[in-house]
Amino acid sequence: MALVTLRIIDGADRGSVFDQLETPVTIGREEGNTLQLKDERVSRFHIKIQEDHGKVVLADLESTNGTRVNGEDIHLRILRYGDMIHVGRSVILYGSEDEIADRLAQLRMQRQKERGEEEQTQGPQSPSDSASSLEFELNWNNQEEDLQAAIYSLEPPELPERLSPAQAAQLAELLEYVHIRIRHLLLSVEVNEAAEKVALDTREWQNLLDLQARISVLLRRIGDPDPGE
């Protein structure tokens with residue numbers, strides 16, 4: 001069981017804060033949900049947030065209008081502090097001020113480390129410092145990094161743990177398939193260094209679109225498996 005904080009920042013319930021909710025959490029417009037939203041574009045039971053193997057996972061419950069996280073349509077998604085969840089006309093921010101500030105600080109230190117800068121460590125902050133800490137991170141001014149954009153950028157996913165040998169083999173086969181398709185596409189690219197551009201012929205462009213289409217089908221099957229399978 002995980003504890004999650006959700007803040008509604010837009011929509012009919014704007015300003016509502018739900019602190020340290022025990023998972024699983026369901027959100028929808030019907031009574032019986034953990035969070036009942038006054039939003040006619042939200043389904044009766046729209047999304048579910050639950051803990052699984054130490055991760056907080058959001059699942060769309062076959063909603064009519066779908067769910068987006070950070071602007072991307074999703075069926076299943078691991079949540080990270082600072083993620084924006086769009087359901088209907090409502091926007092929900094995942095995480096408390098402290099949790100989001102900590103993630104921003106980690107992103108900042110990671111980028112500094114990647115650029116070879118000396119890491120600066122700070123002592124533990126008291127709860128009274130949380131607001132100023134978040135304000136500091138949000139207003140961090142460095143031309144080479146934009147933490148406010150970075151928090152919504154895609155991060156390399158972690159490999160799932162405790163896979164059976166068959167599941168591990170299936171995952172490896174899937175990743176190898178994607179790797180080979182991308183490698184073939186990269187080999188066909190024509191690079192124009194003077195113009196700082198690359199060109200892809202129409203056939204390979206269609207191959208790239210086909211790969212994206214196949215991946216989208218796989219994502220759909222993972223997020224919405226056929227009960228008969």
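A residue is called buried when its relative accessible area is under 20% and exposed when that area is over 50%, with partly exposed in between.

**Figure 1. The whole chain, a predicted model.** Buried residues account for 30% of the 229 residues in the chain. The chain is built with five helices and 13 strands. Its accessible surface comes to about 15,500 Å², and carbon and sulfur atoms hold 50% of that surface. Of the contacts between residues at least 6 apart in sequence, 41% join residues that are at least 24 apart.

**Figure 2. Strand 11 and its cover.** Strand 11 covers residues 90-94. Five of its five residues are buried, and the strand is mostly covered. On one side lie Ser90, Ile92 and Tyr94, and on the other lie Val91 and Leu93; both faces of the strand are covered. Tyr94 has a relative accessibility of 3%, so Tyr94 counts as buried.

**Figure 3. The two partners of strand 11 shown here, strand 1 and strand 10.** Strands of a sheet pair through backbone hydrogen bonds, and the pairing is either parallel or antiparallel. Strand 1 runs antiparallel to strand 11, and four bridges join them. In this pairing, Leu6 stands opposite Tyr94. Strand 10 is also antiparallel to strand 11, again with four bridges. Here Val87 has Ser90 as its bridge partner. Strand 10 and strand 11 form a hairpin with two residues between the strands, and Gly88 in this hairpin takes a positive phi near 60°.

**Figure 4. Asp10 in strand 1.** Strand 1 spans residues 3-10, and Asp10 is part of it. Is Asp10 buried, partly exposed or exposed? Its relative accessibility is 37%, so Asp10 counts as partly exposed. Apart from neighbours within four places in sequence, Asp10 is in contact with Arg89, Ser90 and Val91. Asp10 and Val91 are 81 residues apart along the chain, yet their C-alpha atoms are separated by 4.9 Å.

**Figure 5. The aromatic pair of Tyr81 and Tyr94.** A pair of aromatic rings is described by two values, the distance of the centres and the angle of the planes. The count of aromatic pairs in this model is one. The ring centres of Tyr81 and Tyr94 are 5.4 Å apart and the planes are at 20°; planes under 30 degrees apart count as stacked, so this pair is stacked. Which parts of the chain does the pair link? Tyr81 lies in the loop between strand 9 (76-78) and strand 10 (84-87), while Tyr94 is in strand 11, 13 residues apart from Tyr81. The two residues also fall into separate accessibility classes: Tyr81, at 30%, counts as partly exposed, whereas Tyr94, at 3%, counts as buried.

**Figure 6. Strand 6 with strand 5 and strand 9.** Strand 5 (residues 47-52) and strand 6 (residues 55-60) pair in the antiparallel sense, and the pairing has six bridges. Within it, Gln50 stands opposite Val57, and Ile49 has Leu58 as its bridge partner. The two strands form a hairpin with two residues between them, where His53 in the turn has a positive phi of about 55°. Strand 6 also pairs with strand 9, in the antiparallel sense and over three bridges. Ala59 stands opposite Leu76 in this second pairing.

**Figure 7. A nonpolar patch on the surface.** The patch is formed by Leu200, Trp205, Leu208 and Leu209. Together these residues have about 320 Å² of accessible area. Leu209 is placed in helix 5, which spans residues 202-223. The relative accessibility of Leu209 is 33%, so Leu209 counts as partly exposed.

Conventions. Residues numbered from 1 in each chain as written. Predicted model: local features only at pLDDT ≥ 70, side-chain atom pairs only at ≥ 80, totals over all residues. Heavy atoms only, no water. Buried < 20%, exposed > 50% of the residue type's maximum accessible area, 1.4 Å probe, protein only. Contact = heavy atoms within 4.5 Å. Phe/Tyr/Trp six-rings, centres within 6.5 Å; stacked < 30°, edge-to-face > 60°. Pairing = 2+ DSSP bridges. Patch = residues over 30% accessible without salt bridge, like charges linked within 9 Å, V, L, I, M, F, W, Y side chains within 5 Å. Areas by Shrake-Rupley, 256 points an atom, 1.4 Å probe, with all protein chains shown as cover. Salt bridge = Lys/Arg side-chain N within 4 Å of Asp/Glu carboxyl O.
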